[in-house]
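Subject: Structure handover and findings

Dear colleague,

Please find the structure below, followed by my notes on what was found in it. I would be glad if you could read the notes with the coordinates open beside them.

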Amino acid sequence: MELLVASAIGILTAAGIYLVQRLRTFPVIIGVSLLTYAVNVFLFASGRLAIGAPPILSDAQTYTDPLPQALVLTAIVISFGMTAVVVMIALGAYLGADDDHVNDPADSSDTDPEAAK
């Protein structure tokens, strides 16, 4: 079980980092979303991976910590809201410039008239 969850976290992180390094805005948004999912799974797994265990401290021998579960629920709501805001900002930038390239410093000298002097 731990190997499966660790592999899923690694795959989500690797895919997220790959997409964040792209030069288009929408793959960057998807990459950041994958990174937030990886962090959420990591936080959830930090509360102990136990199947059928109660999430409270009681007389039970095995239990799960409820704090990471609350943190993950809060992080899901925050990441959903921030993803919606970033999508709207990227959509506005795309509609305003008819291009969704991330501004690359190497290309800025080609389009800047002051840099050409």
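Two residues are taken to be in contact when they have heavy atoms within 4.5 Å. This is a predicted model, in which local features need pLDDT of at least 70 and side-chain atom pairs count only at pLDDT 80 or more, while totals for chains, interfaces and linings use all residues. Residues are numbered from 1 along each chain as its sequence is written, and side-chain values use heavy atoms, with hydrogens and water left out.

Overall architecture

Helices (H or I, at least four residues) and strands (E, at least two) are DSSP runs, numbered from the N terminus. On that basis the chain has four helices and zero strands, and its elements, read from the N terminus, follow the order α-α-α-α. A residue is called buried under 20% relative accessible area, exposed over 50%, and partly exposed in between, using a 1.4 Å probe and protein chains only. Of the 117 residues in the chain, 15% count as buried. Among contacts between residues at least 6 apart in sequence, 51% join residues at least 24 apart. Accessible areas come from the Shrake-Rupley method with a 1.4 Å probe, and for residues only the protein chains shown count as cover. The chain exposes about 8,500 Å², of which carbon and sulfur atoms supply 70%.

The expected span of a helix is 1.5 Å times one less than its number of residues. Helix 2 has 21 residues and reaches 30 Å from its first C-alpha to its last, close to the 30 Å expected.

The buried residues of helix 2 are Thr 25, Ile 29, Gly 31, Ser 33, Leu 34, Ala 38 and Asn 40, and what covers them includes helix 1 (2–20) and helix 3. In helix 3 the buried residues are Pro 68, Val 72, Ser 79 and Ala 90, and these pack against helix 2.

Thr 25 deserves a separate word. This residue is found in helix 2 (residues 25–45) and, since its relative accessible area is 18%, Thr 25 is buried. Leaving aside residues up to four places away in sequence, Thr 25 touches Ala 90, Asp 100 and Val 102.

The salt-bridge network

Side chains of opposite charge can pair when their charged atoms come close. A salt bridge here is a side-chain nitrogen of Lys or Arg within 4 Å of a carboxyl oxygen of Asp or Glu, and the structure holds two of them. In one, the side chains of Asp 99 and Arg 24 meet at 3.6 Å, N to O; this pair links distant parts of the chain, with Asp 99 in the loop between helix 3 and helix 4 and Arg 24 in the loop between helix 1 and helix 2, 75 residues apart. Asp 100 counts as buried because its relative accessibility is 13%, whereas Asp 99 is partly exposed at 35% and Arg 24 is partly exposed at 35%.

Surface and loops

Patches are made of residues with over 30% relative accessible area and no salt bridge, where like charges are joined within 9 Å and nonpolar side chains (Val, Leu, Ile, Met, Phe, Trp, Tyr) within 5 Å. Phe 26, Met 88, Leu 91, Tyr 94 and Leu 95 form a nonpolar patch on the surface, with about 480 Å² of accessible area together. The largest share of this patch, four residues, comes from helix 3. Tyr 94 lies in helix 3 and counts as partly exposed, because its relative accessibility is 36%.

Asp 98 sits in the loop between helix 3 (66–97) and helix 4 (105–111). Just after helix 3, Asp 98 takes a positive phi of about 55 degrees, in a residue other than glycine, and Asp 98 is exposed, with a relative accessible area of 63%.

Gly 52 lies in the loop between helix 2 and helix 3 and is exposed, since its relative accessibility is 77%. Gly 52 and Thr 64 are 12 residues apart in sequence and 9.3 Å apart in space, C-alpha to C-alpha.

With kind regards
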